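Hi everyone, thanks for coming.

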Amino acid sequence: MLSFEKLYSMGHEQVVFLSDPSCGLKAIIAVHNTTLGPALGGTRMWQYKSEEDALEDVLRLSKGMTYKAAISGLNLGGGKAVLIGDPDKDKSEALFRSYGRYLESLNGRYITAEDVNIGVADIEHIFTETRNVVGVAKIHGGSGNPAPFTALGVFRGIEACCYKVFGTRSLSGRTVALQGVGSVGQNLMKLLTDGGAKIFFTDISEKNIQTVKENFPEAEYVGPDEIYDVDADIYTPCALGATINDATIGRLKVKIVAGAANNQLKEDRHGAELKSRNVLYAPDYLINAGGLMNVSIEFEGWSENKSLRMVDTIYDTTLRIFQLSDEQNIPVNQATDILAERRINEIKNIKTSYLGNVSHRFPGRKTRHNL
Ligand code: NAD
């Protein structure tokens with residue numbers, strides 16, 4: 001149940017329930033923290049077992065977005081939204097436009113984007129009613145599909161891991177066990193293959209397995225459960241969360257875990273266990289932030305160059321986190337949280353002094369983070 005005690009303990013600023021029986025809209029928006037800027041995070045549509053489950057999901061995901069934006073150096077806060085319903089039956093133009101109108105009423109405190117079961121066509125309907133949406137089609141001045149940018153960020157993270165473990169960022173001659181060859185996985189496969197890595201891959205979608213077999217004939221397919229046993233240098237989860245757990249961790253033979261999937265560690269303690277087993281773990285919410293970085297510049301005018309430059313910073317940030325993890329002898333996931341929280345607190349602290357009302361001197365001019 002939603003309670004102020006729960007919001008206080010998780011640190012949320014605002015939770016909004018949206019209802020429009022005329023089109024079946026049932027949505028929850030959670031704004032976690034806006035210290036760094038407007039809360040940005042995707043909307044997902046899911047047939048939750050209960051409204052309680054939907055609430056849990058949106059609270060957890062929105063908090064994750066605060067950390068992701070903070071560690072990525074973005075001037076954005078964390079938020080997320082869930083639409084309760086069956087994506088195959090309940091989607092309609094009216095539902096997304098009604099949702100868009102409510103988003104507009106939040107006056108930019110929350111900006112949405114695509115997430116699970118939400119596609120470009122749905123975003124277009126939302127965009128009809130509000131400016132507070134990104135991931136808009138390129139034809140309308142948006143940034144299009146984020147997956148190639150997410151994949152590039154993951155690749156930069158993997159390079160940083162290789163530098164730390166092998167003394168060179170090159171992938172040449174490395175072996176990678178790749179789990180999930182969907183949108184991100186296939187883009188990543190190209191980067192890894194071009195970089196000279198040998199790939200073992202798995203998936204449960206026959207269609208995606210066939211596509212990869214045709215496009216990457218040198219890659220080797222292994223069964224979904226065998227992926228944890230592959231004798232490779234790197235395990236790259238790009239399908240599901242929580243695949244680093246009590247059942248899998250002892251099976252891994254790799255030296256590095258780095259992939260796109262959100263929340264790869266089933267529990268925080270699995271980060272410590274990877275460390276004790278001498279397996280380097282790349283912080284998932286940093287190295288999969290390429291898609292977020294890409295949509296974040298839509299407001300300033302998206303350009304591929306700008307986006308690529310931003311995504312490249314993931315390499316240095318990942319190394320900075322490894323350094324803190326070594327200096328303080330703490331797991332990488334803990335070091336990542338510390339750096340994210342440090343940035344939020346530092347920016348919070350500089351906002352204490354009154355600036356005066358100077359906007360009248362530059363009418364119409366906005367600062368970069370005041371979009
Ligand atoms: P996707 O749905 O296109 O691909 C996921 C793939 O994983 C599919 O091919 C699916 O068949 C496969 N899969 C599902 N269960 C599996 C299992 N048990 N074993 C093996 N394969 C399995 O998704 P995506 O957009 O490529 O995203 C991949 C992951 O990265 C997801 O966890 C997503 O949340 C995360 N992520 C994606 C983005 C993005 O820009 N798309 C950004 C950040 C994080």
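When I say buried area, I mean the accessible area, taken with a 1.4 Å probe, that two parts lose on being put together, summed over both. This is a predicted model, where local features need pLDDT of at least 70, side-chain atom pairs count only at pLDDT 80 or more, and totals for chains, interfaces and linings use all residues. Residues are numbered from 1 along each chain as its sequence is written, and side-chain values use heavy atoms, with hydrogens and water left out.

So, the domains. An automatic or database assignment divides the protein chain into domain 1 (4–65 + 77–133) and domain 2 (147–330). Their C-alpha centres lie 28 Å apart. Six residues of domain 1 and five residues of domain 2 make the contact, meaning heavy atoms within 4.5 Å. Together the two domains bury about 450 Å², with 68% of it on carbon and sulfur atoms.

Now, which residues come nearest to the ligand? Of the 19 around it, they are Thr150, Ser183, Val184, Asp203 and Asn208; "around" here means a heavy atom within 4 Å.

A polar side-chain atom of Thr150 sits 2.7 Å from a ligand oxygen. Polar backbone atoms also take part: one of Ala239 is 3.0 Å from a ligand oxygen, and one of Ala260 is 3.4 Å from a ligand oxygen.

Note on methods. A polar contact is a pair of N or O atoms within 3.5 Å; within protein, one must be able to donate a hydrogen and the other to accept it, and residues adjacent in sequence count only if both atoms are side-chain atoms.
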